[in-house]
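Trainee: I am new to this structure. Can we go through the terms one by one, setting each value against its definition?
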Amino acid sequence: MASEIHMPGPVCLIENTNGKLTANQEALKILSAVTQPVVVVAIVGLYRTGKSYLMNKLAGKKKGFPLGSTVQSHTKGIWMWCVPHPSMPNHTLVLLDTEGLGDVEKGDNQNDSWIFALAILLSSTFVYNSIGMINQQAMDQLHYVTELTDRIRAKSLPGNTEVDDSADFVSFFPAFVWTLRDFSLELEANGQPITADEYLELSLKLKKGTDQKTESFNESRLCIQKFFPKKKCFIFDRPAQRKYLVHLEQLQEGELNPEFVKQATEFCSYIFSHSKPKTFSGNIIVNGPHLESLVLAYVNAISSGDLPCMESAVLALAWIENSAAVQKAIDHYDQQMGQKVQLPTETLQELLGLHRTQLEAKQEDFCKQNLQASSDHCSALLQGIFGPLEEEVNQGIYSKPGGYRLYIQKMERLKKNYYQEPRKGIQAEETLQKYLTSKESVSDAILQTDLILTAKEKELEEARMKAEAAQAEAQKLEEIRRQNQLMMEQRERLHQEQVRQMERDRANWLAEQQRAQERKIQVCCNCIMLGL
């Protein structure tokens, strides 16, 4: 069993002197002695946001990483504290506290970008610590995430540096945890309560549009979504009244805000139970010497003006491990030959026979190891490449009409990405076929869902067309009825007008007759009067 490392306090792992980053030899010596798997938790954020307090909580101590109580940043470079993992036996918890970003005393954003990138490269869980809610200002302060493709190379060969080609980065990058300090908002959306994780997802939602303002809004959010598929969010109330924050590490737990104490406990519990050991491609678990090699590789690359290359660092470490394995095999061969061969042998054939037996046994062992290494490496590659697709399937993205075609297209693109990966070994094709076979039931389920939903969509479309046709026919009949009604009303009005006209004509005729009669009477009267 590997021995545990008990550090009384943190030491500087990567020194930052006048903007130049160098690895601290004392810290590297400590790492070289950590033979257990390491769970590496790094925290990054603006200066004076309480990062160090959370790291001390994870270490199970009230003091350790300096908290500071002024506007000056106390942590410079990256500091390390190795402690026995509280819930994973035979594992070491490596805590990395970084200097505050945006320190006015530094005046060097490039230095901050390197600190941010190193924290991501070295950790298995990356904690970003900020104050208040997630708004555009908070996203703007997280602009370092948009610079990762300018600071890090996934592969030793050029190309694939665009954000869209993020699969290579995802396979190396840690889990992402956002801690929001002094959070005072109610967690709700549309009048309904939501969790901190749901708040984070809503805050990372992209806007539609291609104008410059929209692209600026989406940039950091898109990078977080692509680089960190696994995300978690915690909110924290203010730990105590402002006047007590100066002496926060001296306060007893009973003097702190009970809600903050509860939130800090939940945060630590999550980190202890969900943070996984640091691993490389091929599911290789990292120990202290491995982490030491990574620190040296990345810091040396930055110091020489180059970009840290994740693949090169892993390959260099693999070369060291392979060289050690070869030397171990040679030593074992010498030991076995020394035990089984008594010199001088009677014949050369006797010596060669023993030699051949030993070599054949080792050859068979190496062949098995090579098969297993290739299989493990390819399985890890497949998980990294196809993992996001599996998550999309779980989210039901392909459970829609036409979803099967989209799923197959995505599968073909990912298979192409897999074939382009170098150094997969002799199990590359077999491992891929086993994986594809294991996903046939998923593919069949998506196809059946597609067919059912397509048939339902067709039925709904036919029903819609019938309903529209029936509605159109009803409207046509209604229009005919309305036109007929209008014609009848128009005829009735015409008839009534004709009747009224006839009555007026008759009244006029009668009036004319009456006037004619009156004229005749008047004439008669006139004649009578003349006769007199």
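Mentor: Start with two helices, α2 (residues 51-58) and α9 (residues 258-274), whose axes come within 10 Å and cross at roughly 60 degrees. The model is predicted, so local features need pLDDT of at least 70 and side-chain atom pairs count only at pLDDT 80 or more, while totals for chains, interfaces and linings use all residues. Residues are numbered from 1 along each chain as its sequence is written, and side-chain values use heavy atoms, with hydrogens and water left out.

Trainee: Which hand does the crossing of α2 and α9 have?

Mentor: The crossing is right-handed. That word applies if the near helix is turned clockwise from the far one by less than a right angle, and left-handed if anticlockwise.

Trainee: Which residues meet there, in α2 and in α9?

Mentor: Tyr-53, Leu-54, Lys-57 and Leu-58 are the α2 side. From α9 come Phe-260, Ala-264, Phe-267, Cys-268, Ile-271 and Phe-272. Contact means heavy atoms within 4.5 Å.

Trainee: Where else do helix axes come within a stated distance and cross?

Mentor: Helix α1 (residues 25-32) and helix α10 (residues 288-303) come within 7 Å, crossing at roughly 150 degrees. Leu-28, Leu-31 and Ser-32 of α1 make the contact with α10 residues, including Gly-288, Pro-289 and Glu-292. By class, six residues are nonpolar, two polar and one charged.

Trainee: Why is Ile-134 called buried?

Mentor: Its relative accessible area is 9%. Buried means under 20%, exposed over 50%, and partly exposed in between, using a 1.4 Å probe and protein chains only. Ile-134 is therefore buried.

Trainee: Where is Ile-134 found, and what is Ile-134 in contact with?

Mentor: Ile-134 is in the loop between β6 (125-131) and α4 (136-141). Beyond neighbours within four places in sequence, Ile-134 contacts Met-139, Trp-178, Leu-180, Tyr-199, Leu-200 and Ser-203. Ser-203 is 69 residues away along the chain, yet the two C-alpha atoms are separated by 6.5 Å.

Trainee: How do you know whether Thr-92 is buried or exposed?

Mentor: At a relative accessible area of 1%, Thr-92 is buried. Thr-92 is found in strand β5 (residues 92-98). Its contacts, leaving aside neighbours within four places in sequence, include Val-34, Pro-37, Cys-82 and His-85.

Trainee: What makes a nonpolar core, and how many residues has the largest?

Mentor: A nonpolar core is a set of buried Ala, Val, Leu, Ile, Met, Phe, Trp, Tyr and Cys residues joined through side-chain atoms within 4.5 Å. The largest has 94 residues, and Met-80, Phe-116, Trp-178 and Phe-267 have the most contacts inside it. Helix α3 (residues 109-122) gives the largest share of this core, nine residues. Another core, of 16 residues, lies apart from it, with Ile-385 and Tyr-407 among them.

Trainee: Why is the pair Lys-439 and Glu-390 called a salt bridge?

Mentor: A salt bridge is a side-chain nitrogen of Lys or Arg within 4 Å of a carboxyl oxygen of Asp or Glu. Lys-439 and Glu-390 have N to O at 3.4 Å. The pair links distant parts of the chain, 49 residues apart. Lys-439 has a relative accessible area of 21%, so Lys-439 is partly exposed.

Trainee: How far apart are the closest N and O atoms of Glu-478 and Arg-481?

Mentor: They are 2.6 Å apart, and the two residues form a salt bridge. Both lie in helix α15, three residues apart, about one turn of the helix. Glu-478 is at 40% relative accessibility, so Glu-478 counts as partly exposed. The structure holds 14 salt bridges.

Conventions:
Helix = DSSP H or I, 4+ residues; strand = E, 2+ residues; numbered from the N terminus. Axes fitted to C-alpha atoms, helices over the stretch in contact; angles between N-to-C directions. Nonpolar A, V, L, I, M, F, W, Y, C, P; charged D, E, K, R; others polar.
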